[in-house]
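Q: Hey, can we go through this structure together? I'd like to take it one topic at a time.

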Protein chains: 2
Amino acid sequence: MTSAATPRRAPRQHRAQQTVEAILGAVLRILRRGHPDSLTTNHIAEAAGVSIGSVYQYFPDKRAIFSALHQRHIDEIDRVIGAVLIQHATSSLEALVRALIEAMIEAHAHDPALYELLSAEVPHRAGGTQDFALRLHGAFRLAIAAHLHELAPARNLDLTVFVLTHMVESLCHGAVLRRPPGITLSAATEEAVHAVLAYLRS
Amino acid sequence: MTSAATPRRAPRQHRAQQTVEAILGAVLRILRRGHPDSLTTNHIAEAAGVSIGSVYQYFPDKRAIFSALHQRHIDEIDRVIGAVLIQHATSSLEALVRALIEAMIEAHAHDPALYELLSAEVPHRAGGTQDFALRLHGAFRLAIAAHLHELAPARNLDLTVFVLTHMVESLCHGAVLRRPPGITLSAATEEAVHAVLAYLRS
DNA sequence: TATTTATCTGAATATTTGCTCACTTATTGA
DNA sequence: TCAATAAGTGAGCAAATATTCAGATAAATA
C-alpha cells in the first residue's frame, strides 16, 4: 500500500511507449465517463487493451499511474504559464492578466474534470503538488513584478500573490467546471479578468 | 458498492443517538489525525467504541457515514451564512462582506482538513452538494441585492454572484488550508475582504 | 412483572482488488 | 541466423475490507 516505489522498466521500444500511453489514456477515459468506482488496476488494463502484467511493467503500483497523469497536467500548466510570461514580457498588465487567464482556462477546458478527480487520488502532500504551488506562486510574483508601478505602492507582495493565485485558480476552474447555465465561457473569462484587475489596481 | 441505500433503523433512544454521534465523531478524529488509510469501517467502529454491527444499524454503507458528515458541514455553513445575512441586514456593504468572510473562515477553521477530505469521499454529484451551491448562490444574490446602489449600474448580477461565490470560497478555504508561512490568518482575511470589495466596487 | 421493541455485539462471510510470477512472444543487433 | 534483451500475458495469490446475521442485552411499555 504505502509502497517503496520499486523501480520498473522504462519503456524503450515504440510499442512500450504505446502501452504506457494506452494505460494513461484508459484512466482518462474512465475518469471522463464518471465511473471512478471502476478505476481498478484490472479494469484500467482491460480498458487500455493490455494485460494487467503490462501495467506493472511500467508502474510500480496503482498510485504511480495517477501520479504520472498528475505530473503531466502540472507540466502542461507550467509550460503554458511560462509561455505566456515570455510572450507578454512587455505587454500591459491587462493584456498579461487576460492572456494568463485565457491560457489557464483553455488548459483546463481540455480535460475538465481531470484535475479534480486526480487530486482525489493523488496524496496532497506528494512532492509534485507542493512544488507546483510554489512555481505558480513564483510565476505570479514575477508577472506582477514588472507592473509594480501600476499597483498601489504599499502593497505586500506575498499577500497579493496569495490572493491572486487563489482568484485565478478558482475562477478559471469555476469557469470551466461550475459555470451556471446562462453564462457563456467568454463572459466568465472576461469577468474573471475584470475581477483580477480590479483587485490589482485597488 | 453502488449501494441501493437500504433503509436503516433511525436512532430513537438516547443511547442510539450517542452511538451515531460516536461514529461520526470517530471519523472526524481519524481525519484530524491525518491517517485516512485507517478510515475503514472496522476501525471507525473501534475508534468510536462501538461494534461494527452498530455502525450498520444506522448507516446502510460506508459512504453514508461520510454523506452524513458532509450534510452536517453544509448545514452549518448554511446556518452561519443565514445568520450573517440577518444580522447585517442594514449594515454597510463592507461590514457585510467582512462578516461573511470572517464567518466562513471561522467555520472552516474549526475542522480544517475535513471538507477537503470529505469531498474526496463524497461523490461530487450527490444531491446535497449541488443544492448547496444553489443556496450559496441565492444567499449571495440576496446579500448584494441590498447594496445595488453601491455597485456599477450595468452589472450582470448572475455573473457577479458567480465570481463572488468563487472568490469567497477559494479565499476562505485558502486562508485556512493553504496559507503560506509568513502570512497571518487575520492578514489573509483582511486581504480577502479587500479583494472582494475591490471587485464589487469596480 | 411480562412482553415487546430497540439496541448492541463481533466472529464469520463475501467481495473486492492490488499485485506477482512463471511463461510466451516480439524485437534488436552482432 | 541466433542469442540476448525487451515487452507482453493472465490465472491466481494474499491481504484488506465491507457487510451480514444470529443471538445477547437493555429499555420501554402494557
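A: For classes, Ala, Val, Leu, Ile, Met, Phe, Trp, Tyr, Cys and Pro count as nonpolar, Asp, Glu, Lys and Arg as charged, and the others, Gly among them, as polar. This is a predicted model, where local features need pLDDT of at least 70, side-chain atom pairs count only at pLDDT 80 or more, and totals for chains, interfaces and linings use all residues. Residues are numbered from 1 along each chain as its sequence is written, while chains are lettered from A and ligands numbered from 1 in the order in which they are written.

Q: OK, by class, what does the surface near DNA strand D have?

A: Six nonpolar, twelve polar and six charged residues.

Q: And which residues are the closest to DNA strand D?

A: Of the 24 residues that surround it, the closest are A:Ala16, A:Ser51, A:Gly53, B:Thr40 and B:Asp61. H3(A) gives the most to this surface near DNA strand D, four residues. Helices here are DSSP runs (H or I, at least four residues; strands are E, at least two), numbered from the N terminus.

Q: Now DNA strand C: which residues come nearest there?

A: A:Thr40, A:Thr41, A:Asp61, B:Ala16 and B:Gly53, out of 24 around DNA strand C. The largest share of the surface near DNA strand C comes from H3(B), with four residues. By class, that surface has seven nonpolar, twelve polar and five charged residues.

Q: Switching topic: what does chain A's secondary structure come to?

A: Nine helices and zero strands. Its C-alpha trace spans about 60 × 40 × 30 Å along the principal axes.

Q: How are the two copies related?

A: Chain A can be laid on chain B with an RMSD of 0.4 Å, by a turn of 179° and a shift of 0.1 Å along the axis. The two copies are therefore related as by a two-fold rotation axis. Superposition is by least squares on the C-alpha atoms of residues with pLDDT of at least 70 in both copies.

Key. A residue is near a molecule or strand if its C-beta atom, placed from the backbone, lies within 6 Å of it.
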